[in-house]
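Colleague: I'd like to learn how to read helix packing and cores. Can you take me through this one?

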Amino acid sequence: MKVKIGFHFSISGGIDRAVDRCLDLGCNSLQIFTGNPRSLFSEGLKEKEVELFRDKIGSNDIKLVVVHTNYLINLASKSRFRISFEAFYEECVKASKIGANYIVLHPGSLVDTEREEAIINIVYAINKVTSEIENCPTILLENTSGSGRQLGARFEDIVTIIDAVILKEKVGVCLDTAHAFQAGYSIHEKRSFLEFIEDFNSQGLLNKIRLVHLNDSKTPFASRVDRHWHLGVGYIGEFLGEIARFFASMDVPLVMETPWGLDEDRKNLATLLDWLGVKL
Ligand SMILES: [Zn+2]
Ligand SMILES: [Zn+2]
């Protein structure tokens, strides 16, 4: 299978177990957390665990490894910046050790700062990790649903950050379809989707998309509430298939972050393969 397809997999039992889960389903791409996503710092990875993970990746047809940073990192907060930066740095070191291709980062939330200052801090953090960490994977900024004072619900935020980063090849975009829809981008209809893509192109972002989080939405259009749902049965619905085809034709990997469950994963994968007209 040429298309890069996968899920966010659990690392329960060790990070290498995520590779087993990926292969069991028949996928060739995976996304993981390297620790507890709801704690800022997690135990470091054991040498043996890293070795096992790399062995399994190397000896199988795994085309893509993505690390998603934990949810507590908020580089957009003034008071939480130092500690968030430390945690982010640690995540990047871990991701480089396991040989990840990409690190997905949410820009953060403006809890105690204004946009400009927050962006300066985020750019500083990205410049630091990408210049200091050996083999640091490319950092992908993910768009958000825009709940509260989240940055990144508008793609302009992401453009501003990318424009200011020094090592341009080390930064890209992760487009989450559910978040874009929830933030008010009408990607669920043909004409407005094409307009969205055109806009993206004119902002210089289209060729910066390295990954799509292919999720349907459990909440209505422009709800600003982040709830992922199973493919084709949420508010985006069947049109998600067209979005999947569009990005697959550009060779952009498609990773699903649908609510967990083995049967549900199988079903979502079957839906996606059917949309793409490919077989495992
Ligand atoms: Zn995310
Ligand atoms: Zn996502």
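Colleague: How many residues has the largest nonpolar core, and which have the most contacts inside it?

Modeller: First, this is a predicted model, where local features need pLDDT of at least 70, side-chain atom pairs count only at pLDDT 80 or more, and totals for chains, interfaces and linings use all residues. Residues are numbered from 1 along each chain as its sequence is written, with chains lettered from A and ligands numbered from 1 in the order in which they are written. In soluble globular proteins, nonpolar side chains tend to be buried together. Here the largest nonpolar core holds 76 residues, and V66, I103 and L140 have the most contacts inside it. Its largest share, 6 residues, comes from α4.

Colleague: Which residues is L140 in contact with, beyond its neighbours within four places in sequence?

Modeller: Contact means C-beta atoms, placed from the backbone, within 7 Å. L140's list includes Y102, I103, V104 and L105, then G172, V173 and C174. R210 and L211 are on it too.

Colleague: At what angle do α4 and α5 pack?

Modeller: Angles run from 0 to 180 degrees between N-to-C directions, with axes fitted to C-alpha atoms over the stretch in contact. Helix α4 (residues 115–132) packs against helix α5 (residues 155–164) at about 45 degrees, axes 9 Å apart. I119, I122 and V123 of α4 make the contact with T160, I161 and A164 of α5.

Colleague: And which residues of α1 and α2 meet?

Modeller: From α1, I15, D16 and V19; from α2, E49, L52, F53, K56 and I57.

Notes. Helix = DSSP H or I, 4+ residues; strand = E, 2+ residues; numbered from the N terminus. Contact = placed C-beta atoms within 7 Å. Core = buried A, V, L, I, M, F, W, Y, C linked by C-beta atoms within 7 Å. Buried ≥ 20, exposed ≤ 12 C-beta atoms within 10 Å, placed from the backbone.
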